Amino acid sequence: MTDQAQKAVGNGWQSEKYIKNLAKRKRSERRFRLTGLLAILTALTLLAILLFSIVSKGYSAFVQTTITLDITFTESVIDPNGKMDPAELRTANYAKLVQDALREKFPDVKGRRDLRKLFSLVSNDADSALREMVENDPDLIGKTVSVDLIAGDDVDMLNKGYIDRDAVEDDRRVKDQELVWLDKLEADGDIKMRFNSGFFTNGDSREPEKAGIAGAMVGSFYTIIVTMLISFPIGVMTAIYLEEFATKNKLTDLIEVNINNLAAVPSIVFGLLGLAIFLNFAHLPRSAPVVGGLTLALMTLPTIIIAARAAIRAVPDSIRQAALGLGASKQQAAFHHILPLSMPGILTGTIIGLSQALGETAPLLMIGMVAFIADIPGGFTDPATVMPVQIFLWADSPERAFVEKTSGAIMVLLGFLIILNAFAVVLRKKFERRW
Amino acid sequence: MPIQAEENVENRSNAEHGVIISTRDVNVYYGDNHALHGVSLDINKHQVTSLIGPSGCGKSTYLRCLNRMNDTVDSCRVTGEILLDGVDIYGPSVDEVLLRARVGMVFQKPNPFPKSIYDNVAYGPRIHGLADNKDDLDEIVLTSLEKAGLIKEVQDRLHSSGTGLSGGQQQRLCIARALAVRPDIILMDEPCSALDPIATAKVEELIDELKENYTIIIVTHSMQQAARISQRTAFFHLGEIVETGDTEKLFTSPTDKRTQGYITGRFG
């Protein structure tokens, strides 16, 4: 018996042919592993390059250059009548205070053109900051206070190193004369960098130093709420009906094929559908989150239905039979057992569908959400834009300062998407069941 | 029809039990597949009837006709007459949901809901409104667990998950769950095939006790099990009933060659 076994080994497993074959098999496996590793490394490298390029361009959007000036809140400018009337305080010419402070700082600048250049060092939005200060504390009137004012976007770009000082003057947004003034301010310690809170609290603006993503964030929020309220219930109900109630026949097969195909339809087509139905037929307000949400809901529905059906199908049949065997109706079996058990999968699919909708631009262009809207929307029917569209708009703007805004907005959007997806992972882990 | 004649004789011999389910010429089709060919069988009250036969012989299909679980299969079609206490269960006046409450079912693989032990048993009474208040429900749950012989093992952890029990305990939990809706008949589809010998012995003991109050129909692959627990046995082969009779008689002196072949292990 042992002799025989040894003989078999000698002839079979140790023969040259088998050893060769084994070596070949091992080589092939090593090759496959190496290829897989390379593929992953390539993907990671590309991801790292993408993130690096966005972050390196975008991080500076979160800081802002300010110029410190001694502002005298001259009573004759702000409150010439001395009545402290709030309406008058609101409409006073605060820009003059800034101009006076700059004139005082640079007394030898004369001439309209030079003065206008001098004044443009500071953002032309600086006066609203002063107005706010006075409104909060009317005692300031008559006093001289040192105030950090937002610099103009060209100064900001220069300070962040995006404008090359050594370039030929004609190719440079900041001219030599302005450089002299800025150097003086710098030498006096009047140029500072601070956290750009306006980026998160302001709406869009034509002035890059004033533009923020608050309007787009609120618009995205309203839009996603509408999308979720429409697509989640309809999608889940559809999936339950198709999986648990509908009989399998040609018609349900056709519906299934069509749902799968809809998930692959280019999103701009859904935009056209939204334009045709919600705007041209139903006459809903243009550029409004409610229309954007409805359009995105159409786009998200197939994703949710497919994910929900897969989750429902993953519930073992034995649970269904246990419920039916006890005399539960089909509806009771579906809603008491199958739906709760498939909920983690359904929620994961829904969140992935919604984060897709959150990052969608094309269908919203069709329904007018691409308009320039400076106000932060106050409701579902106010004109609004959303974050990806805001990114698109800024990427299209000529000013150098919008480049960092674009990357900054991308970082914020990516942040939201990561949070949403992390939430999906947590839900899945938390409700995962074994049976 | 020699089988038919014999059946009548036996019915008389089991007269004290009476017939609770009577099936005549039952045919089942899955699409084009004719799975059950004109099966006629009477089930006696308060007895254990076992259905034996090789794989694919139609015994599970027959069992699933008795509580209309076959309705859940789209392509399935059932013809013939199945009378429960003289009422055709496929008749228009019968609601399959109520039928399934009266004819409970225990499945091959223990399938407790991924909920607490208490909720597993309480689910049936809840959906059928059998309990008026919390105390009633507690009572039903506890008596059902007691009848299923599980109460001692689980009384301290009624609110922990039913899926955390061992396989045998899970199967007895499923039996308790079926008992909680107060059925007359319990169908068991190979209830011990996923259990170890000790758990199997416990379930068999339980079945023996339950037959005092319930009519039990059990599909089993184990001829020893059929011999141990059932009073009557039906042998299925290729979608037909070959032989029916008192268990003792069927196993000791089968009249049909095929039955003899199967119980002596020559095929199946």
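This is a predicted model: local features need pLDDT of at least 70, side-chain atom pairs count only at pLDDT 80 or more; totals for chains, interfaces and linings use all residues.
**View 1. The largest cavity of the structure and the residues that line it.** The structure holds three cavities of 30 Å³ or more, and in the largest of them lies about 50 Å³ of space. Its lining is made up of A:Leu242, A:Ala246, A:Thr247, A:Lys248, A:Thr252, A:Asp253, A:Glu256 and A:Arg309. Helix H12 of chain A, which spans residues 250-262, gives the largest share of this lining, namely three residues.

**View 2. A salt bridge between A:Glu243 and A:Arg309.** A:Arg309, which is also one of the residues lining the largest cavity, meets the side chain of A:Glu243 in a salt bridge with an N to O distance of 2.9 Å. The pair links distant parts of the chain, since A:Glu243 sits in helix H11 (residues 214-245) of chain A and A:Arg309 in helix H14 (residues 289-313) of chain A, 66 residues apart. Side chains of opposite charge can pair when their charged atoms come close. Over all chains, a search of the whole structure finds 28 salt bridges.

**View 3. The largest pocket and the elements that line it.** About 520 Å³ of space lies in the largest pocket, which is lined by 25 residues, with A:Asp125, A:Ser128, A:Ala129, A:Glu132 and A:Ile150 lying nearest its centre. Helix H7 (126-136), strand S2 (144-150) and helix H10 (198-201) of chain A each supply at least two residues of the lining, and the largest share, seven residues, comes from H7(A). Divided by class, the lining of this pocket has seven nonpolar, eight polar and 10 charged residues.

**View 4. Where domain 1 of chain A is in contact with domain 2 of chain A.** The domain assignment of chain A gives domain 1 (2-59), domain 2 (61-201) and domain 3 (214-431). The centres of domain 1 and domain 2 of chain A, taken over C-alpha atoms, are separated by 64 Å, and four residues of domain 1 are in contact with four residues of domain 2. Between them these two domains bury about 240 Å², of which 34% is on carbon and sulfur atoms. Of the area that domain 1 of chain A buries against domain 2 of chain A, 94% is supplied by A:Lys57, A:Gly58 and A:Tyr59, more than by any other three residues. The count of salt bridges between domain 1 and domain 2 of chain A is zero.

Technical notes
Residues are numbered from 1 along each chain as its sequence is written. Chains are lettered from A and ligands numbered from 1 in the order in which they are written. Side-chain values use heavy atoms; hydrogens and water are left out. On a 1 Å grid over the protein atoms alone, a cavity is a set of points where a 1.4 Å probe fits but cannot get out, and a pocket is an open set with protein on both sides within 12 Å along at least five of seven lines; lining residues have an atom within 4 Å of a point. Grid points are joined across faces, edges and corners, and a volume is the space filled by probe spheres set on the points. Helices (H or I, at least four residues) and strands (E, at least two) are DSSP runs, numbered from the N terminus. Domain bounds come from an automatic or database domain assignment. Contact means heavy atoms within 4.5 Å. Buried area is the accessible area (1.4 Å probe) that two parts lose on being put together, summed over both. A salt bridge is a side-chain nitrogen of Lys or Arg within 4 Å of a carboxyl oxygen of Asp or Glu. Ala, Val, Leu, Ile, Met, Phe, Trp, Tyr, Cys and Pro count as nonpolar, Asp, Glu, Lys and Arg as charged, and the others, Gly among them, as polar.
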